[in-house]
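Keep the sequence and the 3D view side by side as you read.

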Amino acid sequence: MAVDSAISSPLGPPACEKDAKALRFIEEMTKNCDSVQENVLSEILTQNAGVEYLQQWNLNGATDRETFKSKVPVITYEDLQPYIQRIANGDRSPILSSHPISEFLTSSGTSAGERKLMPTIAAEMDRRQKLYSLLMPVMNLYVPGLDKGKGLYFLFIKAESKTPSGLVARPVLTSYYKSQQFKTRPFDPYNVYTSPNETILCVDSFQSMYSQMLCGLIYREEVLRCGAVFASGLVRAIKFLQLNWQELAFDIETGKLSTKIIDPAVRDCVSKILKPNPNLARFVREECCEGNWEGIITRIWPNTKYLDVIVTGAMAQYIPILDYYSGNLPKTCTMYASSECYFGLNLTPMVKPSEVCYTIMPNMGYFEFIPHDPSNPITISRDQPPHLLDLADLELGKEYELVISTYSGLCRYRVGDILQVKGFHNSAPQFKFIRRKNVLLSIDADKTDETELQSAVENASELLKKYNTTVVEYTSYGDTKTIPGHYVIYWELLVKDPSNGPADDVLDQCCLAMEESLNSVYRQSRVADNSIGPLEIRIVQNGTFEELMDYAISRGASINQYKVPRCVSFTPIMELLDSRVVSVHFSPKAPHWTSERRF
Ligand code: AMP
């Protein structure tokens with residue numbers, strides 16, 4: 001990277017006084033990154049000095065970085081699970097945090113097939129809100145006039161469950177949209193949504209999407225930006241329009257809301273907005289009836305200046321389809337966050353997706369970094385706490401794994417994200433999101449790792465036993481050309497008795513058996529969100545995986561070290577696999593999923 005682009009420039013000029021204050025805050029935080037981090041750690045350790053988790057490391061009241069780094073181990077979720085389980089079961093003693101745990105945030109990262117539970121405290125909501133409040137002031141620097149219209153955002157809540165002791169467990173965005181901070185947010189001309197709160201807060205994904213799309217169509221000329229949290233959500237919304245435009249147009253024509261919308265709060269608020277509008281109904285029909293979806297976003301919402309969706313990380317696979325739908329509108333990736341902690345924001349949101357960098361705000365938590373060099377991996381042992389790097393120690397161009405300590409009680413917790421330093425804003429590093437460790441397949445919020453895929457294949461192949469058949473090799477592919485996207489698993493079979501091989505319906509059942517084995521986020525996406533389509537198994541000819549190996553070796557892979565890739569995306573390999581397919585099978589029904597989780 002050129003050195004020049006690593007030099008930051010001050011943010012400005014702000015669009016209004018409120019923005020000026022937010023931008024000053026960003027400047028102050030990023031100029032004083034190291035001292036802010038020192039203070040944050042000291043505050044966390046002071047606040048939580050008496051908690052059981054920290055007491056065992058004998059900090060003896062110390063709140064400085066040196067003592068912390070030399071005594072407290074770097075951990076993963078599995079290390080924390082016994083503590084989390086006790087909190088879930090009702091132990092209200094100060095285990096991880098001196099503040100009461102207000103709820104659990106359920107991560108899309110899973111452990112033993114269930115969403116990880118992240119304890120949080122009430123004060124964290126304000127910290128998240130603070131980060132949200134910085135987004136529009138930055139956006140306003142690049143796109144003027146956003147106070148002259150509305151944002152069409154497809155936002156959703158998900159089902160929540162309760163721990164045995166009655167604590168709520170739900171995704172962080174569900175928690176945020178249901179919070180007073182969101183529901184009673186003061187009017188801000190720069191942040192007016194087309195979707196009334198009631199439509200966002202409807203837990204039924206069809207009714208929520210339908211009513212949000214309807215409002216988006218009604219206000220179509222006022223819409224200045226379209227978005228969803230992740231790219232997959234916006235792609236799904238357009239697919240929804242493709243499937244439901246006739247009914248939506250009918251509602252608009254008659255001014256009467258579809259009887260499929262039964263949620264009283266949604267009916268009430270949408271009915272106030274919906275008036276008979278034959279011209280708009282005709283327009284929607286004309287735009288949609290020919291089945292031409294190229295540029296549909298800019299045709300329906302002609303004043304859209306940008307798409308507000310995350311297209312970094314696993315979401316990059318949706319860039320081509322969003323470009324197709326929007327005629328290449330800019331795609332802004334405004335923030336980088338997780339259930340564990342909200343990390344930071346993109347200070348130059350109009351750059352190309354490949355150039356997106358996130359600046360971690362040093363006030364959000366205490367951040368440490370494990371140098372990530374696959375050729376020289378560092379062993380992290382629990383017994384000997386490693387000396388990790390601070391935000392202020394990072395070098396341009398290097399990759400790091402993120403480790404966080406939060407006010408809610410996570411201490412030196414490995415998030416699993418790999419980041420690369422691409423520049424600095426003042427003294428704060430700006431990171432490119434490289435990838436999440438151990439994720440093989442991801443279509444929406446789901447994250448399937450190699451072990452999960454392996455055990456799903458093993459479970460499904462049990463069904464083949466009575467046909468004297470085994471799966472000799474397999475690989476996978478996340479197919480996002482279909483909407484919603486779906487998992488494709490390539491199987492090479494050894495059928496020992498071809499006169500009694502597995503019939504098509506057995507292989508269809510294998511698809512379902514695989515889905516039943518996958519984690520709860522996958523199954524929820526299949527069942528409740530409809531954001532993943534039925535799993536597909538493609539049976540390939542015998543010898544295909546040997547050809548795959550020959551191909552890899554011809555491209556320089558070592559014959560001794562060759563391992564079958566468990567996920568593929570490289571076009572020539574896909575073409576080879578697809579040219580050897582002998583039969584194709586889909587899951588005949590949705591797998592089992594309920595909002596009640598195991599604790
Ligand atoms: P969750 O645990 O479900 O809250 O998901 C958080 C994870 O989503 C992060 O640790 C990242 O791996 C991923 N993520 C969040 N924001 C972004 C982003 N802006 N770009 C890429 N990946 C992201």
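Helix α18, residues 520–527, is mostly covered in this predicted model. Seven of its eight residues are buried. They are Ser520, Val521, Tyr522, Arg523, Gln524, Ser525 and Arg526. What lies over these buried residues of α18? The cover includes strands β1 (101–111), β2 (114–121) and β18 (486–495), and also α17.

**Two helices that cross**

Packed helices are described by two values: the angle between their axes and the distance between the axes. Take helix α16 (residues 450–461) and helix α17 (residues 504–517). Their axes come within 8 Å and cross at roughly 140°. The two helices are therefore oblique to each other. The crossing of α16 and α17 is right-handed.

Which residues make the contact? From α16 come Leu453, Ala456, Val457, Asn459 and Ala460. From α17 come Cys510, Ala513, Met514 and Ser517. Seven residues of this contact are nonpolar, two are polar and none is charged. Look at the numbering with one rule in mind. An α-helix has 3.6 residues a turn, so residues three or four places apart point the same way.

Now turn to the strands. Strands of a sheet pair through backbone hydrogen bonds, either parallel or antiparallel. Here four strands form an open sheet in the order β3-β6-β7-β8, and the pairing is parallel. The edge strands are β3 and β8, each of which pairs on one side only. β3 and β6 pair in the parallel sense over five bridges. Tyr153 stands opposite Gly227 in β6. Helix α10 packs on the sheet and touches β3 and β6. The direction of α10 makes about 160° with that of β3.

The table lists elements from this region.

| Element | Residues | Note |
|---|---|---|
| β3 | 150–154 | edge strand |
| β6 | 223–230 | five bridges with β3 |
| β8 | 331–332 | edge strand |
| α10 | 205–218 | about 160° to the direction of β3 |

**One serine in a strand**

Last, find Ser161. Ser161 is in strand β4, residues 161–162. Is Ser161 buried or exposed? Its relative accessibility is 6%, so Ser161 counts as buried. Leaving out residues up to four places away in sequence, Ser161 touches Leu167, Val168, Ala169, Ser595, Glu596, Arg597 and Phe599.

Key. Residues numbered from 1 in each chain as written. Predicted model: local features only at pLDDT ≥ 70, side-chain atom pairs only at ≥ 80, totals over all residues. Heavy atoms only, no water. Axes fitted to C-alpha atoms, helices over the stretch in contact; angles between N-to-C directions. Parallel < 35°, antiparallel > 145°, perpendicular 65-115°, else oblique. Left-handed = near helix turned anticlockwise from the far one by under 90°. Contact = heavy atoms within 4.5 Å. Nonpolar A, V, L, I, M, F, W, Y, C, P; charged D, E, K, R; others polar. Pairing = 2+ DSSP bridges. Buried < 20%, exposed > 50% of the residue type's maximum accessible area, 1.4 Å probe, protein only.
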